[in-house]
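Welcome! Here is a short tour of a protein chain for someone meeting it for the first time. Please have a look at the sequence and the structure below before reading on.

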Amino acid sequence: MTRSEIAPGDVLILEEGELVPADARLIEAVGMRVDNAALTGESTPKRGAAEATEDGHRLELPNLVFAGTTILSGHGRAVVFATGMNSEFGKILALTTMVETGLNPLQKEIAKVTRIVAVISLEMGRHFFSSAYAPDSASGSAPPSGSASSWRTRRRVCSRPSPSPSP
């Protein structure tokens, strides 16, 4: 039987080393230890017992096993009560898919600083180019004599061949 064919009410036979395919209530357990690290993150294995218990959080009850956990030792039988998205693993999956993927505070701050730096850079560039290459509006003068256009003009004048003397 495959995981997709398991339904609530089915009886699972659980053996050492197996992955639990669905959330189930133990009806028989012999020396069972279950690794719930996939759900709780706790590295200590949980004891599995068939005795009915209602004290404590659902994930800590010794008579429940959950989808995605592993049987570390022992064996037993259990009745399925939840599968797929109704299982504890499915509920965690649903929570992770509902998380909004907006910008976190650090990303928002980086975007803000980037915009500020871009505006400052553009203003500095505009100011530099307008003051260096535009005629001074107050005096009506041309660009400074050391500018690139002045140098090119002087070079052309100096590099012309001199006229040869005519007889």
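Ala24 has Val65 in S4 as its bridge partner. This pairing is part of a predicted model, in which local features need pLDDT of at least 70, side-chain atom pairs count only at pLDDT 80 or more, and totals for chains, interfaces and linings use all residues. Residues are numbered from 1 along each chain as its sequence is written, and side-chain values use heavy atoms, with hydrogens and water left out.

**Strands and their partners**

- Strand S2 (residues 23–35) and strand S4 (residues 64–65) run antiparallel and are joined by two bridges; two strands count as paired if DSSP finds at least two bridges between them.
- S2 also pairs with strand S5 (residues 70–82), in the antiparallel sense and over ten bridges.
- Within that pairing, Asp23 stands opposite Ala82 in S5.
- Strand S3 (residues 46–48) is another antiparallel partner of S2, with three bridges between them.
- Here Val34 stands opposite Lys46 in S3.
- As a general point, side chains in a regular strand alternate between the two faces of the sheet.

**The chain as a whole**

- The chain holds four helices and five strands, where helices (H or I, at least four residues) and strands (E, at least two) are DSSP runs numbered from the N terminus.
- Of the 167 residues in the chain, 20% are buried; buried means under 20% relative accessible area, exposed means over 50%, and partly exposed lies in between (1.4 Å probe, protein chains only).
- The chain has an accessible surface of about 12100 Å², and carbon and sulfur atoms account for 59% of it; such areas come from the Shrake-Rupley method with a 1.4 Å probe, and for residues only the protein chains shown count as cover.
- Among contacts in the chain with a separation of 6 or more, 64% are between residues 24 or more positions apart, a contact being heavy atoms within 4.5 Å.

**A buried threonine**

- Where does Thr69 sit? The loop between S4 and S5 is its place.
- Thr69 has a relative accessible area of 0%, so it counts as buried.
- A polar atom of the Thr69 side chain lies 2.6 Å from the backbone oxygen of Phe66.
- Leaving aside residues up to four places away in sequence, Thr69 touches Glu18, Leu19, Val20, Val34, Asp35, Asn36 and Leu39.

**Salt bridges**

- How many salt bridges does the structure hold? There are four, each being a side-chain nitrogen of Lys or Arg within 4 Å of a carboxyl oxygen of Asp or Glu.
- One of them brings together the side chains of Arg77 and Glu28 (3.2 Å, N to O).
- Arg77 is in strand S5 and Glu28 in strand S2, so this pair ties together parts that are 49 residues apart in sequence.
- Both ends are partly exposed: Arg77 has a relative accessible area of 36%, and Glu28 is at 32% relative accessibility.
- Another salt bridge joins Arg58 and Glu88, whose closest N and O atoms are 3.4 Å apart.
- That pair links distant parts of the chain, with Arg58 in the loop between S3 and S4 and Glu88 in helix H2 (residues 88–97), 30 residues apart.
- Is Glu88 buried or exposed? Glu88 is buried, at a relative accessible area of 13%, whereas Arg58 counts as partly exposed at 34% relative accessibility.
- Glu88 also meets Lys91, side chain to side chain, in a salt bridge (3.5 Å, N to O).
- Glu88 and Lys91 both belong to helix H2 and are three residues apart, about one turn of the helix.
- Lys91 is partly exposed, with a relative accessible area of 37%.

**A nonpolar patch on the surface**

- Ile116, Ile120 and Met124 together make a nonpolar surface patch with about 300 Å² of accessible area.
- Patches are made of residues with over 30% relative accessible area and no salt bridge; like charges are joined within 9 Å, and nonpolar side chains (Val, Leu, Ile, Met, Phe, Trp, Tyr) within 5 Å.
- Met124 is found in helix H3 (residues 105–133).
- Met124 counts as exposed because its relative accessibility is 56%.

Note on methods. A polar contact is a pair of N or O atoms within 3.5 Å; within protein, one must be able to donate a hydrogen and the other to accept it, and residues adjacent in sequence count only if both atoms are side-chain atoms.
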